[in-house]
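Open the structure in your viewer and keep the selection panel at hand. The stops below go strand by strand.

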Amino acid sequence: MTGMRRIVIVGGGASGVLLAVHLLRHRPDGLIVTLVEKRPELGAGVAYATRHPDHLLNVRASNMSAFPDDPGHFARWLAGTAGTGNCGPDGFAPRRLYRDYLAHLTDPLFLDGQLRRVRGEAVALRDDASGVEVLCRREGGPETALRGDVAVVATGNEGPSLPPEPWRYAGWGGEQERPPIPHDAPVVVIGTGLTMVDRVMWLLHDGHSGPITAVSRHGLMPQAHRPAAAFAVGEVPFGAPVLALTGWLRGRAAAAERAGAGWRAAVDGLRPHTQALWAGLPEAERRRFLRHARPFWDVHRHRIAPQAEARLDEARARGQLRVLAGHVTGFDPCPGGVAVSVKPRGAEGAEVLEAAAVFECRGRAADVTRSENPALQDLLRGGRARPDALGLGLDVTDGCALVDAAGRASDRLFAAGPVTAGTFWEIVAVPDIRQQAARLAGALLAGRAAADAPDREVA
């Protein structure tokens, strides 16, 4: 193990837990892994903190294994665990069960003593020639300094930072109490992606009967999963500009439809290549993708369970749920809530929506420099890390080493999961995160992680 004995992982959501599991999967002698997480439960994070029965996985059980080399692991656990219902390999299990699955993986590691947990929040990271130090703030207790050989930042997804208002509520994951609004009151949801689906499902399950208006720039909602046959996408045009890639994928989707496999098979067939496609795009093309193509890619790539689609379709059919393509231009507090001004797409005038509550469901924060996470802010302020070129997360090498403000790759500080989205793009779903976790764990254990990626000093 070339001297690697202590690894500190900052963040105990799915990304951090999966990395810990891969590091300790074969019980390397002498290795101690410490997870730093302020939430009560490990493996929860944004996605899996929910206990809501209608919040389902957006990936079939057969593709949610923690281990790339054992794809049926989660489905077997699900089949052998009481209280998981009749969800088979092709089904979409409640997301709360995935948190239980991750606990099933970590519990033996805690018993062995190789996995440890600090209940607190990392507020600072330092590195030097002898190792790393992670300063943790414990709730109601003194700050603790953890020493290690390396540290890995796995802080997961963050919602956008917005000014607090009495009518504004987060739509971003976790357990939330019902806002103090009447069940028949009108509400507005900003965003029409996966976070909106969660919020609307929560409202409907809670008995909300009032009108729900969901607003986004294009008014696009996630597509649902359907059974799909395998489809070979053919030669992938790596290095082509976004416009050409879009045209090529549309052509492959049309071919998949003609072959009876369905367009979903073409999108899924591209999945093994998406990180390589992203890596081959220059910065200008990446920006073009984010500006023009991302909403269309997201709703076709990140799909929802058929059960969720059915509930949303029912709400739209009875007129309770309305999806509006437009741009929110302002909020004006009024008696009973707020007036939301929206300029509908293609219209000249504005539409005013009166609401008792506004749920912010815009998805991931778009600028890591505005993160409220103290560990990320400490890294950026101290120059030990820098934003990626697009600001989606921290800049890392292909081997997940943090790149500092001077463009140097660290041999002590690494990152994993959604915080590396600027480098890998498709790194928010378990099938992608587990691959990254397996690669990074192998490299760290072999002591070669920093050597896996070239030095990237700026000119």
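**Stop 1: around β7**

Select β7 and strand β16 (residues 409-415): the two run parallel, joined by three bridges. Strands pair here if DSSP finds at least two bridges between them. Strands are DSSP runs (E, at least two residues) and helices are H or I runs of at least four, numbered from the N terminus. Pick Ala151 next; its bridge partner in β16 is Leu413.

This is a predicted model, in which local features need pLDDT of at least 70, side-chain atom pairs count only at pLDDT 80 or more, and totals for chains, interfaces and linings use all residues. Residues are numbered from 1 along each chain as its sequence is written, and side-chain values use heavy atoms, with hydrogens and water left out.

β1 pairs with β7 in the parallel sense, over four bridges. Ile7 stands opposite Val150 of β7.

Show the side chains of β7 (residues 150-153). Are its faces covered or open? Both are covered: Val150 and Val152 are buried on one side, Ala151 and Val153 on the other. Buried means under 20% relative accessible area, with exposed over 50% and partly exposed in between (1.4 Å probe, protein chains only). In a regular strand the side chains alternate between the two faces of the sheet.

**Stop 2: the six-stranded sheet**

Zoom out. Six strands make an open sheet in the order β3-β2-β1-β7-β16-β15, and the pairing is mixed. At the edges are β3 (115-119) and β15 (401-403), each pairing on one side only. From one strand to the next, the twist averages 35°. Axes are lines fitted to C-alpha atoms, for helices over the stretch in contact; angles run from 0 to 180 degrees between N-to-C directions.

**Stop 3: the three-stranded sheet**

Select β4, β5 and β6. They form an open antiparallel sheet in the order β4-β5-β6. β4 (121-128) and β6 (143-148) stand at the edges with a single partner strand each, so one side of each has no neighbour in the sheet. Here the twist averages 20° from one strand to the next.

Seven bridges link β4 to strand β5 (residues 131-137) in the antiparallel sense. Find Asp128: Gly131 in β5 stands opposite.

**Stop 4: confidence**

Colour by pLDDT, the predictor's confidence in each residue, from 0 to 100. The protein averages 91, and 95% of the residues score at least 70. Finish at residues 449-459, where the pLDDT is below 50.

Key. Contact = heavy atoms within 4.5 Å.
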